Amino acid sequence: MATILAIETSCDETAAAVVCQRQVLSSVVASQIDLHRRYGGVVPELASREHLLTVGDTVDEALKQSQRDWSDIDAVATTCAPGLVGALLVGMSVGKTLSMVHHKPFLGVHHLEGHICAAYLEETSLQPPFLCLLVSGGHTSLIRADSCGQYKVLGKTRDDAAGEAFDKVARLLDLGYPGGPIIDRLSQQGDPNAFKLPEGNISLPEGGYHPYDASFSGLKTAVLRLIEQLKTDGIEPLPVADIAASFQHAVVKALVKRAIRCAQDQGLTTVVLGGGVAANSSLRHTLTQTAAAHRINVYIPSFKFCTDNAAMIACAASEHFDQGHVSNLNLGVYSRLPLENVSELYYA
Ligand code: KG4
Ligand code: ZN
């Protein structure tokens with residue numbers, strides 16, 4: 001039973017965790033949200049600098065809370081892609097150094113494989129194949145998982161990620177950052193059918209729509225036009241809760257429709273939800289209800305494992321470590337790396 005210590009610094013959370021065979025022994029997350037809020041988004045250089053200040057204490061705290069010491073740790077893992085390069089470099093330098101100092105094998109981890117594996121932390125017997133609807137601030141994808149490291153991206157956003165759309169629409173409505181949780185809360189007081197907004201269909205040259213790909217930048221523009229129209233019509237104050245609820249309804253409908261169709265087409269009976277937007281209450285509820293009607297099982301991690309954390313990174317590393325996979329210490333960081341190329345991070 002391998003015990004893995006993992007570090008995650010790909011964006012704006014400094015995280016460390018200790019996981020043993022899908023059991024979380026500790027998971028510590030130091031969020032930088034307050035630092036970036038005044039800029040309305042993540043400022044890469046500030047993120048790197050903050051990771052540098054916080055990472056040492058975060059790792060110490062994770063080890064302490066796990067009630068393990070270095071002699072119990074079998075390997076060190078760190079997110080190496082995709083993400084902000086400066087931010088990834090901080091975690092990777094610390095992870096590699098710890099692995100050398102403590103003579104432990106090292107594993108670089110693909111951040112999205114971490115989000116996929118988050119489902120294992122609470123459904124410890126879950127096994128592929130399944131479909132993962134991965135919705136975060138940087139990614140929106142439908143991924144077929146066939147085994148550890150074997151993934152196929154079947155659908156994706158052609159422009160903005162779903163989380164990015166939440167954050168941009170929140171900015172249009174002057175709601176603050178990050179927009180997802182605020183729109184989620186506000187939507188509970190609004191009418192989701194107040195305004196009809198597009199569901200991000202992608203037209204195909206031969207006619208019809210792409211079954212799984214989506215576009216969310218057009219939806220953001222439609223919200224902008226709606227706000228302008230309401231202002232021109234002298235509607236003040238703006239019906240912010242109705243706009244938020246209508247926007248959320250369009251995103252959720254678009255995501256759930258595609259996920260269910262994709263699972264059916266692929267003959268998959270399990271859908272796993274992952275990424276920060278998986279914290280959205282309407283998405284969780286609608287996906288669960290719709291899947292049940294189609295006899296599809298849904299696994300949704302609890303909130304703390306949906307948003308960025310290191311337990312999911314340790315879990316992904318542990319799946320690889322069990323297969324005998326480890327990384328070379330000359331592994332670099334990558335701002336982008338297709339999920340299909342995960343196996344290139346390891347040698348057996
Ligand atoms: O996975 P994540 O923590 O970081 C990335 O890897 O991107 O996702 C962050 C994204 C942000 O865009 C945030 O607005 C969104 O997840 N988010 C939500 C909710 N909570 C976080 N979106 C919708 N509803 C939520 N409750
Ligand atoms: Zn993420």
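**The largest pocket**

Guide: The elements α4 (111-117), β7 (140-147), β8 (150-156), α5 (162-172) and α6 (179-187) each give at least two residues to the lining of the largest pocket. Helices (H or I, at least four residues) and strands (E, at least two) are DSSP runs, numbered from the N terminus. This is a predicted model, in which local features need pLDDT of at least 70 and side-chain atom pairs count only at pLDDT 80 or more, while totals for chains, interfaces and linings use all residues. Residues are numbered from 1 along each chain as its sequence is written, chains are lettered from A and ligands numbered from 1 in the order in which they are written, and side-chain values use heavy atoms, with hydrogens and water left out.

The space in the largest pocket comes to about 1,500 Å³. Grid points are joined across faces, edges and corners, and the volume is the space filled by probe spheres set on the points.

Among the elements, α5 supplies the largest share of this lining, six residues. Both domain 1 (3-121 + 306-345) and domain 2 (130-300) contribute at least three residues each; these bounds come from an automatic or database domain assignment. By class, the lining holds 18 nonpolar, 20 polar and 12 charged residues. Here Ala, Val, Leu, Ile, Met, Phe, Trp, Tyr, Cys and Pro count as nonpolar, Asp, Glu, Lys and Arg as charged, and the others, Gly among them, as polar.

For comparison, the second largest pocket holds about 170 Å³ of space. Its lining consists of 13 residues, with Pro192, His249, Val252, Ser282 and Thr286 nearest its centre. Two or more residues of that lining come from each of α8 (240-266) and α9 (281-293), and α8 gives the largest share, seven residues.

As for the setting, the chain has 11 helices and 10 strands. Of its 348 residues, 53% are buried, that is, under 20% relative accessible area, against over 50% for exposed and in between for partly exposed (1.4 Å probe, protein chains only).

Note on methods
On a 1 Å grid over the protein atoms alone, a cavity is a set of points where a 1.4 Å probe fits but cannot get out, and a pocket is an open set with protein on both sides within 12 Å along at least five of seven lines; lining residues have an atom within 4 Å of a point.
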